Amino acid sequence: MNTPQSDGFAPGGTTLGTRDDVSERKTVRVSAEPSQMSAREVIIRVEGLHKRFGHLEVVRGVDLELHKGEVVVVFGRSGSGKSTLLRCINFLEDPTQGTIEVAGVRLSGGHSTRRKRAQIRQLRLHVGMVFQQFNLFPHMTALENVLVAPVCAGLGDRTVMRARATELLEQVGLADKAGEHPIRLSGGQQQRVAIARALAMQPDAMLFDEPTSALDPELIGEVLAAMKSLATDVHMPMIVVTHEMGFAREVADRMLFFHEGVILESGTPDEIFEATQRPETRRFLDAVL
């Protein structure tokens, strides 16, 4: 494996915050019926979420819970507010109104203060996010891209973190690409590096914002396979915004149809695909299936 000889980080990196405890993940996925969800630990809780951009209200009073080990797929037409929902959960967008709780860190939308900014940094330590675009540092190798965030956050010994980053690249099938720069990687490989990078912070949950939308069709499968492994092998709680309905049918515990800023319909994959209650959901499914 072509491994770089130095970590290649410039001094004085931005401090992201620290975490003392990260519990070990289960390696076996255990499915649960919807009736059992209320008894399971809530990792993410969204209450009364509103987000406005000027006079345009993009998210309108959304309530949502993500439980331990659960995969929730959010789907709907472009412009319905799905990505804004995810960006509000980790405060890339400050909610206009409502509360967000991630792994016990609870914040309200609206005013911004110095104390709130510090709390946002703490909240982000508990949730990883994978975007539509890969956003890798072009001057860093794949291994360095995975390693940079936990090093800046001071999550532990650098040697241990480096070994962990190597393991994560192996987990997403890129052990042999650790020493390559992004320009030498395909789009699917870059997105898998981005997944490993998010996992390097050892989050309690993962957010995926249409992670395959920027990929050529032949590269989509490798990214979906890495995400499926996260769900079935690592049992990572995930909220996934996607139009990949095959992935949703196979992996999701719940599906939420987002329409004009609200959750119009919610159900298991079987309920959504076989017994849809809303005509808007059926029209969308007919268009994409």
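Me: Does Glu-180 count as buried or exposed, and at what relative accessibility?

Reply: Buried means under 20% relative accessible area, exposed over 50% and partly exposed in between, with a 1.4 Å probe and protein chains only. Glu-180 has 18% relative accessibility, so Glu-180 counts as buried. This is a predicted model, in which local features need pLDDT of at least 70, side-chain atom pairs count only at pLDDT 80 or more, and totals for chains, interfaces and linings use all residues. Residues are numbered from 1 along each chain as its sequence is written, and side-chain values use heavy atoms, without hydrogens and water.

Me: Where does Glu-180 lie, and what does Glu-180 touch?

Reply: Glu-180 lies in the loop between helix 4 (158-171) and helix 5; helices are DSSP runs (H or I, at least four residues), numbered from the N terminus. Leaving out residues up to four places away in sequence, Glu-180 touches Thr-141, Ala-142 and Leu-185, where contact means heavy atoms within 4.5 Å.

Me: How many residues of helix 5 are buried?

Reply: 13 of the 13 are buried, so helix 5 is largely enclosed by the rest of the structure.

Me: What describes two packed helices?

Reply: The angle between their axes and the distance between the axes. Axes are lines fitted to C-alpha atoms, for helices over the stretch in contact, and angles run from 0 to 180 degrees between N-to-C directions. Here the axes of helix 5 (residues 187-199) and helix 6 (residues 217-234) come within 8 Å and cross at roughly 20 degrees. That makes helix 5 roughly parallel to helix 6, a term for angles under 35 degrees. Residues making the contact include Ile-195 of helix 5 and Leu-230 of helix 6.

Key. Helices (H or I, at least four residues) and strands (E, at least two) are DSSP runs, numbered from the N terminus. Angles under 35 degrees count as roughly parallel, over 145 as roughly antiparallel, 65 to 115 as roughly perpendicular and the rest as oblique.
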